[in-house]
Amino acid sequence: MSGYETLVGLLTAAAAQNAHKTRKAFNESYFIAVDGNSLYARWIAPAINEVSGFGALVKGSGANSGNVSIPGQTWADMIKNATDIDGLYVPGKKNILVIGETTNSIYNEGASVEKTVSDAKAYIAARRAAHKWEKIILCGTIPRADKSSQAENRSLNQRLLEVDARLRSDTSLYDIWVDYRAYAPQWYTLATDGAVAPFMAPGTCNVLGGKIDMIHPIGAARDAYADAIADGLRRSLEN
């Protein structure tokens, strides 16, 4: 065999190998279902699956998506309202479940770390029992600071982090973990005071009653929130 023939053979083999490694892509065979709280719902802003990179992924790929997120709900509420998310499942499609809560469980319900983790696990177990999801994307938290006492905000933010750590450590719960704090530290890094984050500022946080609500990102910060989920969805096709 000549040197030329050897080179052609090597190039052909390399091309075949690269083609085999081509990343999977979303298409019309996928359905992306979203369940969560006001950070995911259509409320103060479009639903998260309609925003920035997440919205572009859905529109550009031909995949379909639905969102049953409800402002204010906790993990316990999501268990009670499960007929909503179970009803989104589309037989014959590759169904991907995107879920996130914890903040209302800790801040509004006043649940302990243990109960919040238990409720999240129960919710996920019930979804797996109800349907065969192609992938489950479990999302972590972002800082929150709507209590009047900064000491209370510091304590509750630590609980959010504890729940995140407990859920993330149990990889049987999910296929992909979305870490907003790591993906967009410019918006979601907890400050040294342990209570606030950069997104809690005019133009990037919702205003309620004339005051920044210290909970809901808007504008560029919400775009980054949606982009983090889109990144998680893309990663879900790699494993």
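Modeller: Here goes: Y40, Y180, Y188, F199 and Y225 form one aromatic cluster. Rings of Phe, Tyr and Trp (its six-membered ring) pair if their centres lie within 6.5 Å; planes under 30 degrees apart count as stacked, over 60 as edge-to-face and the rest as tilted.

Biologist: What should I know about the model and the numbering?

Modeller: This is a predicted model, where local features need pLDDT of at least 70, side-chain atom pairs count only at pLDDT 80 or more, and totals for chains, interfaces and linings use all residues. Residues are numbered from 1 along each chain as its sequence is written, and side-chain values use heavy atoms, with hydrogens and water left out.

Biologist: How many aromatic pairs are there in the whole structure?

Modeller: Searching the whole structure gives nine aromatic pairs. Take W75 and Y123: their ring centres are 5.6 Å apart with the planes at 55°, so that pair is tilted. W75 sits in helix α3 (residues 75-80) and Y123 in helix α6 (residues 113-130), 48 residues apart. Helices here are DSSP runs (H or I, at least four residues), strands are too (E, at least two), and both are numbered from the N terminus.

Biologist: Are W75 and Y123 buried or exposed?

Modeller: Both are buried, meaning under 20% relative accessible area; exposed is over 50% and partly exposed is in between (1.4 Å probe, protein chains only).

Biologist: What lies over the face of Y123?

Modeller: R127 does, at 4.9 Å from the ring centre. The cut-off is NZ of Lys or CZ of Arg within 6 Å of the ring centre and within 35 degrees of the ring normal.

Biologist: And how do Y89 and W133 pair up?

Modeller: Edge-to-face, with 5.0 Å centre to centre and 90° between the planes. Y89 is buried at 17% relative accessible area, and W133 is buried at 7%.

Biologist: New topic. Where is I136 found?

Modeller: I136 is in strand β4, and its relative accessibility is 0%, so it counts as buried.

Biologist: Which residues is I136 in contact with, leaving aside neighbours within four places in sequence?

Modeller: L97, I99, I124, R128, L173, Y174, D175 and I176. Contact means heavy atoms within 4.5 Å.

Biologist: How far apart are the C-alpha atoms of I136 and W177?

Modeller: They are separated by 8.8 Å, and the two residues are 41 apart along the chain.
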